[in-house]
Amino acid sequence: MAEQPAEETRCGFVALIGAPNAGKSTLLNTLVGSKVTIVSHKVQTTRTLVRGIAVTGNAQLIFVDTPGIFAPRRRLDRAMVTSAWGGAQDADVVALLVDARKGLDEEAESILERLKEVRQPKLLLLNKVDVVEREKLLGLAKAANDKITFAATFMVSALTGDGVDDVKRYLAEQMPSGPWLYPPDQMSDAPLRQLAAEITREKLFQRLHQELPYQSTVETESWKDLRDGSVRIEQTIYVERESQRKIVLGKAGATIKAIGAEARKEIAEVAEKPVHLFLFVKVREGWGDDPERYRSMGLEFPKE
Ligand SMILES: Nc1nc2c(ncn2[C@@H]2O[C@H](COP(=O)(O)OP(=O)(O)OP(=O)(O)O)[C@@H](O)[C@H]2O)c(=O)[nH]1
Ligand SMILES: [Mg+2]
């Protein structure tokens, strides 16, 4: 078991911000070395702040995964984007992730513009270098640095882990002196029941198409440790309409069964015990305007 070193320690917060799909959550999991936040090929997967904790030398790095920043339309979008900038506000260092394949598109440009007002040291992380030519990366690094002052620029692949250790080593030196805020072995501060709900939501994002993932949310309703060492978990998937409920269930329940099987396997891995997972699908019209759902996600409820 890792121990907090006796010498001087450092500890601080690093916010990972960027456009939807830039790879923030993938990077967080790679930085921490364990799955603490969910990932999908779709945009707007992450809905709230998720912390992942890593130790490098004498420093404890607390990374904060944030929802992608985009032009919000719905109430939930607004809550997500507000939460992302809130995460940046509270951090010691703000790391901007840019999908190097996309480059400085309109979305990235508008984040850069607002980032100018952020007072903390900023880091530029050009991500997805595994699929981009080196020349393009250099041009991109220059273009972004011409716009605002970054303390440093790194080229990484969150997927392969390329360059990620360099980022950690650099950040470890930047953290303020102070005691570690979490036990040395802790990788996440989210309760397991929350991660379990997120894992099921990840499977929804990966399997369902078009608007449906965005009109659904998942909550863990009950978590009972059984005497045989297994756990019985009940979760509710909320959707907006009856027609959506039918799609989530699938023909003869095939879709929900597949989602449940995938989620159960992964929840068992993080819970480190056998899991009995029971999924219910409920229609809750306008859940996107229901303050209770926001509370359960850990989001502020925007007034409009
Ligand atoms: N090739 C490649 N793909 C990556 C890399 N990092 C992330 N991806 C892929 O990009 C997609 C989005 O990744 P996420 O980590 O969910 O992105 P995000 O920034 O958290 O997205 P939101 O939560 O929606 O804001 C997924 O399909 C990832 O597998 C990378 O370094 N290389
Ligand atoms: Mg994410």
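Predicted model: local features only at pLDDT ≥ 70, side-chain atom pairs only at ≥ 80, totals over all residues.

Trainee: What is the strand order in the open sheet of six strands?
Mentor: The order is β2-β3-β1-β4-β5-β6, and the pairing is mixed. Strands here are DSSP runs of E with at least two residues, helices are runs of H or I with at least four, and both are numbered from the N terminus. Two strands count as paired if DSSP finds at least two bridges between them.

Trainee: And which strands stand at the edges there?
Mentor: These are β2 (50-56) and β6 (152-155); each has a single partner strand, so one side of each is left without a neighbour in the sheet. On average, neighbouring strands of this sheet are turned by 25° against each other, direction ignored. For such angles, axes are lines fitted to C-alpha atoms, for helices over the stretch in contact, and values run from 0 to 180 degrees between N-to-C directions.

Trainee: How many bridges join β5 to β6?
Mentor: Four bridges join β5 (residues 122-127) to β6, and the two strands run parallel. Leu123 has Ala152 as its bridge partner in β6, and Leu125 has Phe154.

Trainee: Which residues make up the covered face of β6?
Mentor: Ala152 and Phe154 form the covered face, whereas Thr153 and Met155 form the uncovered one. In a regular strand the side chains alternate between the two faces of the sheet.

Trainee: Back to Leu125: is it buried or exposed?
Mentor: Leu125 counts as buried because its relative accessibility is 1%. Buried means under 20% relative accessible area, exposed over 50%, and partly exposed in between, with a 1.4 Å probe and protein chains only.

Trainee: What does Leu125 touch?
Mentor: Leaving aside neighbours within four places in sequence, Leu125 is in contact with Leu27, Ala95, Leu96, Leu97, Val98, Phe154 and Val167. Contact means heavy atoms within 4.5 Å.

Trainee: Which helix lies across this sheet?
Mentor: Helix α5 (residues 164-174) lies across β1 (10-18), β2, β3 (59-65), β4 (93-99), β5 and β6, and runs at about 110° to β3.

Trainee: Changing topic, how is the sheet of three strands arranged?
Mentor: This open sheet has the order β7-β8-β9, with mixed pairing. Its edge strands are β7 (217-225) and β9 (275-283), each pairing on one side only. Strand β8 (residues 231-239) pairs with β9 in the parallel sense over nine bridges, and Val231 stands opposite Val275 in β9.

Trainee: Which helices lie across it?
Mentor: Helix α6 (residues 192-207) lies across β7, β8 and β9 at about 135° to β7. Helix α8 (residues 254-271) also lies across β7, β8 and β9, running at about 135° to β9.

Trainee: Where is Gln210, and what is its phi?
Mentor: Gln210 is in the loop between α6 and β7. Its phi is positive, about 50°, although Gln210 is not a glycine. Most residues other than glycine have a negative phi. Gln210 is exposed, with a relative accessible area of 70%.

Trainee: Now the ligand: how many residues surround ligand 1?
Mentor: There are 23, and the closest are Lys24, Thr26, Gln44, Thr45 and Asp130. A residue is included if one of its heavy atoms lies within 4 Å of the molecule.

Trainee: Which backbone atoms lie by its oxygen atoms?
Mentor: A backbone N or O atom of Asn21 lies 2.9 Å from an oxygen atom of ligand 1, and one of Gln44 lies 2.7 Å from an oxygen atom of the ligand.

Definitions and conventions. Residues numbered from 1 in each chain as written. Chains lettered and ligands numbered in written order. Heavy atoms only, no water. Polar contact = N/O pair within 3.5 Å; in protein donor to acceptor, adjacent residues only side chain to side chain.
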